[in-house]
Amino acid sequence: NTAYSVAFTLSGGLPPYIVDGLGGALNGLAFLSTLLPNNSSYLFSITDANGCKTPEVAGMHGCACVTSAGTMESNPGLFCTDQPAVAQWNNDAKLDGDDLVRFILHDKPNAALGNILAENIQPMFSFEPNLQPGTIYYISAIAGNKIAGKVDLTDPCLSVAPGRPVAWKPLPVAFMTGDTTVCAGQEANLHFRGSGTFPLTLIYKDDSGMLDTIALNNPQEMSFPIVPAVSTSYTLLTINDGGQISCSQNLGESVLITVQKAASAGTTIPHPEYCQGNAPLLHLADLIAGEDSGGTWEIFAPHPVDPSVWNAASGRLNAGDLPAGGYGFQYRVSGQPACPDDSTALVIFIRPNPDASAGPDAILDCTTPEVLLTGHDSSQEAGIVYQWQMDGIPLSTGDSANVWVNQPGQYTLLVTNKFGCTASDTAKVTHSGIPLEDLWVQIKPIRCFGEKNAALWVDSVLGGTPPILFSLNGSPF
């Protein structure tokens, strides 16, 4: 609708004819002018072969616009920023032969053009950096003359269809924090916060692929307690929000909870006890179980330990050189970051030995056939047990510190206290001479009654120390 032409048919006069003031072509008696701008004027006359001229013909003409871009759906549309905004065109445009239909995203309602923000051959537009979430835009069809594959926006017959209102909703955002180091068995926390249209639904997973869901009802940070058995990475996967439409976003943020092994100083066996002077060379590590290596040993009360019998670096103790008493040792293992140190206490008791005294040596003789060995100088406290032996053979004396003996030999008193510690002492019992062991006697009987011719004599004696005296019927030796 931008140009028009003038057409007429000649009659009368003598050809050939000349049309003055109006370009065009004469085909026989029919004339068609070249295109004249719409709403412009024209002025022409015709001269025939005889020079006869018609009066001037003048006028102007304006063509009405018939171009229409058609209509769009009018209900508002809301879209997530990761989705294109679309509108339905009713495919009802009216076009001239040189018209073109395109679609625009602009900022004016109704049929106003406003600022054109994007153009497309389809009524579909993605969210671009020059757009703002929450702002209302319009998708319209436009129609007009085609220039270089586009609609001529200066076409006086340009048609703009009232646009569909559209807006974009920003994607929800969530964050997960909580990188930390904990000791095995301790609790850690994953912290979640987000923005968007609440409630927000978050999905995360751990290293094993196990999924879990967290709901955020407001912008406040939410903490979720966990107790991982081993070092574990947690990854925030997706977020979905609420509202008229639900928007979602893939995230991929990760948090690492590092789990350190708890320090262990082990457990001790029941407090070991040794008798004074009988304790072995001890490696204290052999007296605890389940401990971590690399710890340190130290001494604590009640009794100090002479450095000459104690090596703290190796935990070696020459317990045989310790006096009686209780000796405390502590094994300490330093904890890794986030874990406390651990220690275990070990008390070694060196028990006192009892005192044993078998008394002085004794001598048996013919007038003292039995002697008393007494241990009254031995330990007398409660729990003491006495045992006598002769030449290594236990005697049935009961639990007595004293014993009557009538045989020469080596007598040992073994004294045991309530701790099981022992002491011994010996007493030697001897005979003053060689004991008489036996004698041989011959008898000559009386030949006749009343005669005094009987006789008795000692033939030989076994043992004894000369001179040997004899007594008969109680007579003096």
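1. Threonine 235 is part of strand β24, residues 232–240. Strands here are DSSP runs of E with at least two residues, and helices are runs of H or I with at least four, both numbered from the N terminus. The model is a predicted one, in which local features need pLDDT of at least 70 and side-chain atom pairs count only at pLDDT 80 or more, while totals for chains, interfaces and linings use all residues. Residues are numbered from 1 along each chain as its sequence is written, and side-chain values use heavy atoms, with hydrogens and water left out.

2. Threonine 235 is buried, its relative accessible area being 17%. Buried stands for under 20% relative accessible area, exposed for over 50%, and partly exposed for what lies in between, with a 1.4 Å probe and protein chains only. The side chain of threonine 235 makes a polar contact of 3.0 Å with the side chain of serine 254. A polar contact is a pair of N or O atoms within 3.5 Å; within protein, one atom must be able to donate a hydrogen and the other to accept it, and residues adjacent in sequence count only if both atoms are side-chain atoms. Apart from neighbours within four places in sequence, threonine 235 is in contact (heavy atoms within 4.5 Å) with Met176, Ile203, Tyr204, Lys205, Gly252, Glu253 and Ser254.

3. Serine 40 is in strand β7, residues 40–47, and counts as buried at 18% relative accessibility. A polar atom of the serine 40 side chain lies 2.5 Å from the backbone oxygen of proline 37. With neighbours within four places in sequence set aside, the contacts of serine 40 are Tyr4, Gly59, Met60 and His61.

4. An open sheet is formed by three strands in the order β28-β32-β31, with antiparallel pairing. Two strands pair if DSSP finds at least two bridges between them. Which strands stand at the edges? They are β28 (281–283) and β31 (310–311), each with a single partner strand, so one side of each has no neighbour in the sheet. Strand β32 (residues 316–318) is joined to β31 by two bridges. Tryptophan 310 has leucine 317 of β32 as its bridge partner.

5. Not counting residues up to four places away in sequence, isoleucine 348 touches Pro272, Tyr274, Leu282, Leu284, Leu287, Leu317, Gly325, Gly326, Tyr327 and Phe329.

6. A disulfide is a covalent bond between the sulfur atoms of two cysteines. With bonded cysteines counted along the chain, the pattern is 1-3, 2-5, 4-7, 6-8.

7. Cysteine 65 and cysteine 157 form a disulfide with sulfur atoms 1.8 Å apart. This pair links distant parts of the chain, 92 residues apart: cysteine 65 is in the loop between β8 (57–61) and β9 (77–80), and cysteine 157 in the loop between β15 (150–151) and β16 (159–160). The link is left-handed, with -70 degrees about the S-S bond. Cysteine 65 is partly exposed at 44% relative accessible area, whereas cysteine 157 is buried at 4%.

8. Cysteine 183 and cysteine 339 form a disulfide with sulfur atoms 2.1 Å apart. Cysteine 183 lies in strand β19 (residues 180–183) and cysteine 339 in the loop between β33 and β34, so the pair ties together parts 156 residues apart in sequence. The torsion about the S-S bond is about 110 degrees, so this disulfide is right-handed. Both cysteine 183 and cysteine 339 are buried.

9. Cysteine 275 and cysteine 421 form a disulfide with sulfur atoms 2.0 Å apart. Cysteine 275 lies in strand β27 (residues 273–275) and cysteine 421 in the loop between β40 (409–416) and β41 (422–431), so parts 146 residues apart in sequence are tied together. With a torsion of about -100 degrees about the S-S bond, the disulfide is left-handed. Cysteine 275 and cysteine 421 are both buried.

Methods. Disulfide = S-S within 2.5 Å.
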